[in-house]
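Open the model in your viewer and keep the selection tool at hand. Each stop below says what to pick and what is there.

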Amino acid sequence: MKKSDLPPDHEIPKVGYRRPPKAHQFRKGRSGNPRGRKAGEENMIAIFKRQANRRVKVNDNGRIMMLPLAEVIILQNIKAALQKNSNAVANMFRLAEEADEFKDWSDPKVMGKPLFMPGKLSKEDFMVESDIGIIKMPSRTSGSRED
C-alpha cells in the first residue's frame with residue numbers, strides 16, 4: 001500500500017483504551033444495555049420498606065391488633081429484653097443509642113451554642129458573644145484604587 005492511498009493523519013480514527021473501533025461502538029440513539037432493569041422492578045431498599053410496613057395481626061393479651069411488621073419486631077425485642085434475653089437487651093441499647101436517647105440535652109457542650117439570642121443585642125455585643133469578627137472589604141464602586 002502506498003502512502004498516497006492512506007488518509008491524512010488527522011482523518012485516521014484513534015483506537016485504544018476507551019476508544020473502540022467505529023464498527024464496535026454503540027449506535028447513536030441505542031442503549032448499551034437494551035434489556036436493562038425492568039420498569040417497576042424494585043431495589044433492595046424498596047423491598048425492605050414494603051416488607052417492614054406490611055401490617056400483620058398481633059394478639060396482645062386477647063386483643064387482636066393490626067400493626068406494621070417493624071413495630072411488631074420492636075415489641076418482641078422489648079418483651080424478650082424484659083425476660084433478660086441478652087441479645088434483645090443489646091438490640092434495645094443499640095436502638096436507643098441510634099435515637100440519641102443517651103445524650104444529656106441539658107448540657108450546653110452537647111447542644112452547642114444557640115442559633116439566636118432572645119432580646120436585643122447591639123452588633124458589638126453579638127460579635128463578642130459569638131466570637132465573630134468582621135472583615136472590611138474595599139468597595140468596588142469607589143473610584144480610587146489602592147495598588
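This tour of a predicted model goes through a hairpin, a surface patch, a helix and the salt bridges.

**Stop 1: the hairpin.** Select residues 55–60 and 63–68. These are strand 1 and strand 2, which run antiparallel and are joined by six bridges. Pick asparagine 59: isoleucine 64 in strand 2 stands opposite. Now go to the turn. Two residues lie between the strands of this hairpin, and asparagine 61 in the turn has a positive phi of about 55°.

Stay here for a salt bridge. Show the side chains of aspartate 60 and arginine 63; their closest N and O atoms are 3.8 Å apart. Aspartate 60 is partly exposed, at 23% relative accessible area. Arginine 63 has 51%, so it counts as exposed, the cut-off being over 50%.

**Stop 2: the nonpolar patch.** Which helix gives the most to the patch? Color residues 69–82: helix 2 does, with four residues. Isoleucine 74 sits in helix 2 and is partly exposed, with 37% relative accessibility.

**Stop 3: asparagine 77.** Keep helix 2 in view and pick asparagine 77, which belongs to that helix. Is asparagine 77 buried or exposed? Its relative accessibility is 16%, so it counts as buried; the limit is under 20%.

**Stop 4: helix 3.** Select residues 86–98. This is helix 3, with 13 residues. From first C-alpha to last it reaches 18 Å, close to the 18 Å expected at 1.5 Å a residue. Now look at the N-terminal end. Asparagine 85 caps it, with a side-chain oxygen 3.0 Å from the backbone nitrogen of asparagine 87.

Just after helix 3, aspartate 100 takes a positive phi of about 60°. Its side chain meets that of lysine 103 in a salt bridge, 4.0 Å from N to O. Aspartate 100 is partly exposed at 30% relative accessibility, and lysine 103 is partly exposed at 39%.

**Stop 5: back to arginine 50.** How many salt bridges does the structure hold? There are three. Arginine 50 is partly exposed, at 42% relative accessible area. Glutamate 42 is partly exposed too, at 36%.

Notes:
Residues numbered from 1 in each chain as written. Predicted model: local features only at pLDDT ≥ 70, side-chain atom pairs only at ≥ 80, totals over all residues. Heavy atoms only, no water. Pairing = 2+ DSSP bridges. Buried < 20%, exposed > 50% of the residue type's maximum accessible area, 1.4 Å probe, protein only. Expected span 1.5 Å × (residues − 1). Polar contact = N/O pair within 3.5 Å; in protein donor to acceptor, adjacent residues only side chain to side chain.
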